[in-house]
Amino acid sequence: MKRRTFSLLLLPFLVLLSTCRPSGQDAPPFDYVIGVSLANLTEPWRINMRDEINAEAARSHNLRIVFTDAADSNTRQIQDVQTLLRSGIDLLIISPNDSEALSPVIAEAYHKIPVILLDRSVIGFDYTLFIGPDNRLIGKQAGQYVSEMLGAKGGKIVEILGRSGSPPVLDRWVGFRDAIASKPDITIVGTIVADWLRDKAEDELTAWLKQNGRVDVIFAQNDAMADGARRAATKLGIEGIRVIGIDGLPGPNGGIEMVRQGNLFATFTCPTGGKEAIIYALDILHREEGIPKKMILRTSLVTKAAIESGALEAPARPRLSPDHRIVLGFAQTGAESNWRVANTDSIKTAARQAGIDLVFVDSHGQPQEQIAAVRSFIARRVDIIAFSPIVESGWEPVLREAKAAGIPVFLSDRNVDVKDESLWTTFMGSDFLEEGRRAARWLISYMKTNAPVNIVELLGTIGSAPELDRTSGFKEILKDYSNYRIIVSESGDFMRSNGKEVMQRILKELAAKGQKMDVLFAHNDDMAIGAISAMEAAGIKPGKDVAIVSVDAIRDAFTAMIAGKLNCSVECNPLLGPQLMKAVKDYMAGKDLPVRLITSEVVFPAEIARATLPTRKY
Ligand code: AHR
């Protein structure tokens, strides 16, 4: 391991420095220098981010952290990153002031060193890892909570928004409105913009309440503004308004304390990711396997009752003897596709390499068999249960049994649809919605036409997460292009043989109706390959008469692209084994896991298939 020294003289413009090693002449050298570029240090949430980074870095013996504060200026933050790069940092952690403006300089940094984005992402994928909350989900959870609280009677709400143009503002706004959209008796009667600031919220709300009178709920997009709102109501002698915020920071002035004291009715935690950034920075610098592309942090509802009952505390982890071998029960969907075979292989290999005892069950595509497998893991008292759900629904009862037995559940590759999200610990896998969007975006740029386009869609297993999300993502993009029309949607169950059979039937039906197919969107490559043979048998030239885009990017798809029969494959990475084993080990070592780990993936159009094939691992 190289040992680093670092000259502070190289950093003439930095406004704030922190070191986790004693500085000065006698300070021993350190292994890594991490530059942290912050958008500002005025908002309490960002101060907390810095404090978390410092606290976690202080646990390491070999780190120097160098902070910069851009004071809300894009120009200044661009300069900060350039200065940090010139000074020779090993890794950059950045919380961008503005996603678009900072994208080029972040891309420049990424081509030299690893880059971790905190809280806000960039345009494109030029970064190593994104860590942050899901702001739309936080808004939605807040909306669901408010609508349950107001019940059938409904009520009036004033919302207080953060600074205009700041990405969380729009996401939280959309999420909140989505959640109350179906409740006609809940009305948002006022919207105030208070720039994340307590005093501004207090002034603006005082004026609003004087003019309009009492409401039932105030929903503020952060706790500082919620506190300002509460002060305004108290000052005017208005009682009984339930004030709800977001952030839930710890500490004497944080949102959790405000809820404990009854100043706020509730808040939702919005973790800063500072701690996770340092943990993952070290993993990246140590070149560990299993680093995801995105990590979404968990949000919890904070109420007085939750604080008092201890529900916010992380569940206790078992104390293990040093020679304890971790036992992981894994219930696989089956072996429906080449993707799945690669996924199984990755899990088995990674478990062996990590020294984890794997109890592997193949569920043969039968949801009931998979539920029985999970039950057998509970009976056997494995340390952790993981599975890739065949379908999203039907999991609530068995997951309750796992929770009651104190066995954590990790979702691999696919999600479950359960109301109580505490029934599972973490979910790692692809962003299926984005895969559907990517397929549609590629299609539009490939077809470049305003003429009518008839699309046939071969769906995956009905009710599975990839089937549901790929369809939604695909349609989401196509809705803005009225000339694109899905004329047939049928399931081929992710299987090559079914892809062929279903396509044979579709071709006959289309011929009988005198209809033409211009495009095939298949939810996986195997079904596309099956459909290709059906088209060839019917005298249709796949890839030419019909444009074909599918998902997975398995090796066979590359062969088909090189042969000119498939036009594009959107990657869905099955090599989840290392990520899963890392999460298992981290959990058993007492580390907190994010709610969602998203795999790194790209799109492969046919033009790059020949050059890319040799590098494909599955
Ligand atoms: O859940 C991932 C999907 O499952 C893959 O895209 C498909 O091939 C599969 O079997």
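## A guided tour of the model

Buried residues, meaning those under 20% relative accessible area as found with a 1.4 Å probe and the protein chains only, make up 56% of the 618 residues in the protein. The model is a predicted one, in which local features need pLDDT of at least 70 and side-chain atom pairs count only at pLDDT 80 or more, while totals for chains, interfaces and linings use all residues. Residues are numbered from 1 along each chain as its sequence is written, and side-chain values use heavy atoms, with hydrogens and water left out.

**Select the whole protein.** In a cartoon view there are 20 helices and 24 strands, taken as DSSP runs (helices H or I with at least four residues, strands E with at least two) and numbered from the N terminus. Along the principal axes, the C-alpha atoms fill a box of roughly 75 × 65 × 55 Å. Among contacts (heavy atoms within 4.5 Å) with a separation of 6 or more, 74% join residues 24 or more positions apart.

**Select residues 525-537.** This is helix α17, whose 13 residues reach 18 Å from the first C-alpha to the last, close to the 18 Å expected at 1.5 Å a residue, where the expected span is 1.5 Å times one less than the number of residues. Ten of the 13 residues are buried, so α17 is largely enclosed by the rest of the structure; among them are D525, M527, I529, I532 and M535. Moving past the helix, select G539, which follows α17 and has a positive phi, near 80 degrees.

Most residues other than glycine have a negative phi. D72, in the loop between β2 (63-69) and α2 (74-86), has a positive phi near 65 degrees. F494, in the loop between β19 (484-491) and α16 (496-513), likewise has a positive phi near 65 degrees. Now colour by accessibility: D72 counts as partly exposed at 33% relative accessibility, a class that runs between the buried limit and the exposed one, which is over 50%, whereas F494 is buried, with a relative accessible area of 3%.
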